[in-house]
Amino acid sequence: MKVIIISIQTLPAKLALGFLITFPIFSACEDPSNLGLELDPNNNQIGVFYQEIPLTALVIQQDSLITTNPESLVFGSDEGDFFGKTEATAYSRLLFNRDLARPNSTATLDSVRFNFSIRAVNGNDLSTDKTIQVHRLNEQIREVNYYNFSRLDYEEEPIFSSSFNFSNRQDTLVFATITENAFAIELFEALKEGSAFSDIFTFRNFLPGLVFKGGQDENTSFNARPGNNTGFIFFYKNEGDTISRAYPIATGVNNNSARHFNQIVNDPTGTPTAQITEKFVAYDLGERAGAKNNTGILVKLDMSALDAFLDTLENVTFNQVTLEMGPLERNVATNRPPQFLQMFFTNETNRVLLGDLGAFAVQSDGRPQFDPATGDPFVGDAPALLAHNRENNIYRQTITSHVNAIYRGNLQRRDFILYPLVGGTDEYRQSLREFVLDSRSPVLKIFYSKARAF
């Protein structure tokens, strides 16, 4: 079999680029290690070649997802033709500062605010005001793990609801003035009387917590930060005061957030993801694939096509291997996909593979890819991350060291589960972000060289 080689050194740049894209052309019986376009045919010792390996994106769903204390209150809704309608509800305890003097029994209330420390707002259209509803929780949040399917009882009618304009900024502190609110007045009277505030357990019996929801059919979701800046602030005067004092009752105090969790309800009726009926099973959903945060739905990359290519090669070195996928279907400035995806290893179980030191994943280029003592994949603090480029709307990362380790026999080739995880922060549990793409768009772009015989 022979490779037809075209010299591109003397061609105009645009024409040369055309050859780069359209070749190689193969005849019947060249050495398989010559597959690909040779980029430097006049070099007598080293041949440099280029090859693209198409991959397939599949979809899996985890069995359950723990959403306890993700340091994010996720609430609101999102609807589309791939995942269907997804609704998020956030539950949180409240805390008060026992070192802060409470209002006297004769104190007068000046005003009450409820602050929301908004980390992000996700929606295709934020040109109109968006609604946040706050409900009273009727039962205790206990010292157990809560999952994305967990639910607690709360009052159907909200304590209050307020609308805000997020068209100019999605990470901001907003507040609702609720001075005339019946619940706020009741809470202030209890604060003055004091018996419900004798200790944290008595307080939880009086007020188990709050529930946060978005407005109906607004197709907007929120990520709020639990803590001092999400909760009530009572402004009051004790007898004889000339200025107001402030007393917070919030979802956290002194940088400690109260116990919280997020409930996610997904209805995929009439969408491609309605085909997903079993957990930890890889589904080929046809032309499209995608992942949605907090639902357990993730993308699995079938990397088996790499095996067939590597089996054709002898005595080569990989100069650069890039994994790309996309473009994505949605890339709205106010509704971005997850910025980074970590490439965890998986196998036929469709679960993330774990070692004694943590999850196995592709490591950054130039970093160890395997543990020479055990032969296991290396577990380090610098994983390779597929990064979303907002300009061309694709995910991309170089994985040259990873492929070199596979080719040399130091590392077993494995499929990838793509998971939004950045710097140890579990981004997957912090929003309803998603991405959808052509399931055949992932590709490995490979530059490699081989020693040439004289």
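Strands here are DSSP runs of E, at least two residues long, numbered from the N terminus. Keep in mind that this is a predicted model, where local features need pLDDT of at least 70, side-chain atom pairs count only at pLDDT 80 or more, and totals for chains, interfaces and linings use all residues. Residues are numbered from 1 along each chain as its sequence is written, and side-chain values use heavy atoms, without hydrogens and water.

By cavity I mean a set of points, on a 1 Å grid over the protein atoms alone, where a 1.4 Å probe fits but cannot get out; lining residues have an atom within 4 Å of a point. Strand 5 brings the largest share of its lining, 4 residues. Among the lining residues are K85, E87, K213 and D217.

Now, over to strand 19. Why is strand 19 largely enclosed by the rest of the structure? Because 5 of its 6 residues, in the stretch 297-302, are buried, meaning under 20% relative accessible area with a 1.4 Å probe, protein chains only. Strands pair if DSSP finds at least two bridges between them. Strand 3 (residues 56-61) runs antiparallel to strand 19, joined by 6 bridges, with I60 opposite L298. Strand 26 (residues 415-419) is also antiparallel to strand 19, through 3 bridges, and there F416 partners L301. Thanks, everyone!

Key. Buried < 20%, exposed > 50% of the residue type's maximum accessible area, 1.4 Å probe, protein only. 1 Å grid on protein atoms, 1.4 Å probe; cavity = no way out; pocket = protein on both sides within 12 Å on 5 of 7 lines; lining within 4 Å.
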